[in-house]
Amino acid sequence: MAELSYREAIAAGIAQEMARDPMVYFIGEDIGAAGGVFKATVGLFERFGPDRVRDTPISEQAIIGAAMGAAMTGLRPIAEIMFSDFLATCWDMIANQIAKTRYMTDGQVALPLVIRTANGGGTRFGAQHSQSLENWAMAVPGLKVVAPSNPADAKGLLAAAVRDPDPVLFFEQKSLYGVKGNVPDGEHVDTLGSAKVLRDGKDCTIVALAAMVPKAMQAAEQLASDGIQATVVDVRSLVPLDTRTILGEVVKTGRLFTVEENPRLCGWGAEIASLAADECFDDLDGPIVRITTPHVPLPAADVLEDAAMPSVERIVATVRKSMR
Amino acid sequence: MRIKAPATGEVERATRLRLYQLMVELRDFEQRAYELFLENLVRGTSHLALGQEAIGAGYGVAMRADDYTFCTYRGHNHTLARGASMGAALAELMGRGNGMLHGKGGSMHLTDVKHGAMGSYAIVGAHLPIAAGAAWSAQVRKSGQVAVCFFGDGTTNIGAFHEALNLAVVWKLPVVFVCENNLYMEYTPIEAVTAVKHPAADRASAYGLESILVDGNDADVMYDIARQTIGKARAGGGPSLVEALTYRHGGHSRADPAQYRPEAEVREWLARDPIKVYRRRLLEAGIGEAEIGDIEARAQQKVDAATEEARGGAPARVDEIERQIWSDGSATWRN
């Protein structure tokens, strides 16, 4: 085990896959000599050279379109969109082209590509550089959607995404880039579509994603001191979705809370709540409760952003009130 | 700005016969598609390329078997020009299970990857960056393949056009961008909504490319420019942007009677019908009426056989709905 930051784990994951497979190419803005604006790609340009680690113009449609054209003709490209908010500038490429072309051609085309992007708030960047957009991607058939919460998962899930034969949107939570954690030595490859139970408790199940996972874990600690034993599940992958693990934990405790960084409407937790209502209704002992950002763009000022996003305190207070 | 002169006399006889045969086949196919629509056998929408055959034929004949074609929703001709099955194409238009895409794509998405027809894209501009990506792949794989990307005049005003051109030049990609300027952006004259007279050719200099404006209704000219631009790309010379002037004989889509076009303009362009023009040229070159007539009869037979094949197909299978989202053939999103 080596201790790596989340950003170092991302670079290590890309390096591992580029070293393994000469068909893996990496493109994006400032990813080469500059090492990425979040420094998540440091060292790749020096190691793999300007042909395999290519800087692009500020042309998100060209970046994603090029990745698609390359993927359908034999490469396994990784494309970076600097901030997930910029996905809106190339959403046609993602939602209309990449997501649908395999289906529309009844399987004539495979698109083994990864779109990496820095996602989420907590950095005081304001409403156009802070969104949590996993649910946009989840709503489009044909896209796999992954959002790791820690360095080991970041490396292992990124490697799995690169090896996956289908397009994967890989959301890196930018507030986690500096977080350190142990990452297995040597080749590390995880599995898409597998949630993880991080903490076992008998009273309620808290389901969280990405940056909300450490908050849910802290909240669970505090709740334990109040005598509420919470299970915490890290969803990790929204598509495919490990409903077996998630709903299995809901059935065990009879209570479900989701913690979502996204604005309220149509967040990923709404789908999980719907599944639980459909499939675990008789096992539920109380209402399903979603803890989200209010249905607003994220404000910039620290006090406003902190108050808008789900906090440890809000999770604790919400669970406590609901479990009373 | 120069309009390249017809390359009469420079194209070999066998190639000319092939060009004529292909144009007639594309024409007959589109006319048959229209007839089947009138019979209510073709549903949804369709965007016919009647009158624009010389462009797809010129490039189709000049391309190497493993080159890539990317085209638009007005793409029946480009797909068929690569050798895709007419029967499977007509069946797809008719929503049959024996359709090229088993009913999941329809008229606007004809694709035949094994013939290098990498897809028909129905969001204006999207396929230009995708074609650049296929060219990037060919470049780094050193395969010698070239991507040819066809699009309409309206595409030159969307962002993806400019992003793709810039990237293709910066990366010196083996891609040829072919603008089919049929003078109308859907229902609106392109010149009414564009800052320059020649929507593609006048923009070429912005990307350091030669301005190339050609007669898109002349199959010899199209074959000649296809050979030049594909040859340049294959030799590592980078991308080209070609503007081919042409005219669609019908409306934008089947919903459009095209009454916004002046009668004199329509008459003028019908007189420049690429098939009429080329037939005359073949006769002038000493190719006999009998040989030309034979080509025409064979094209008709081919389309008739394709029609029978398509009509004979069962409706698309409902169990296709939840297939081929993923590479394992499934549509599974949960365990």
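A salt bridge is counted here where a side-chain nitrogen of Lys or Arg lies within 4 Å of a carboxyl oxygen of Asp or Glu. In the predicted model, the side chains of A:Arg124 and A:Glu305 meet in such a salt bridge, with 2.9 Å from N to O. The model being predicted, local features need pLDDT of at least 70 and side-chain atom pairs count only at pLDDT 80 or more, whereas totals for chains, interfaces and linings use all residues. Residues are numbered from 1 along each chain as its sequence is written, chains are lettered from A and ligands numbered from 1 in the order in which they are written, and side-chain values use heavy atoms, with hydrogens and water left out.

Chain A is assigned domain 1 (2-183) and domain 2 (196-323), the bounds coming from an automatic or database domain assignment. The centres of these two domains, taken over C-alpha atoms, are separated by 26 Å, and the contact (heavy atoms within 4.5 Å) takes 25 residues from domain 1 of chain A and 26 residues from domain 2 of chain A. Between them the domains bury about 1,900 Å², 57% of it on carbon and sulfur atoms, where buried area is the accessible area (1.4 Å probe) that two parts lose on being put together, summed over both. On the side of domain 1 of chain A, the most area is lost by A:Arg124, A:Asn135 and A:Met138, together 31% of what that side buries.

Between the two domains of chain A, 4 salt bridges are counted, together with 14 residue pairs in polar contact, both residues at pLDDT 80 or more. A polar contact is a pair of N or O atoms within 3.5 Å; within protein, one must be able to donate a hydrogen and the other to accept it, and residues adjacent in sequence count only if both atoms are side-chain atoms.

Turning to the interface between the chains, 40 residues of chain B are in contact with 53 residues of chain A. Chain B and chain A bury about 3,900 Å² between them, with 60% of it on carbon and sulfur atoms; in chain B, B:Trp136, B:Trp326 and B:Asn335 lose the most area to chain A, together 18% of what that side buries. The count between these chains is 2 salt bridges, and A:Asp106 forms a salt bridge with B:Lys104 in which the closest N and O atoms are 2.8 Å apart. Polar contacts between chain B and chain A number 24 residue pairs, both residues at pLDDT 80 or more.
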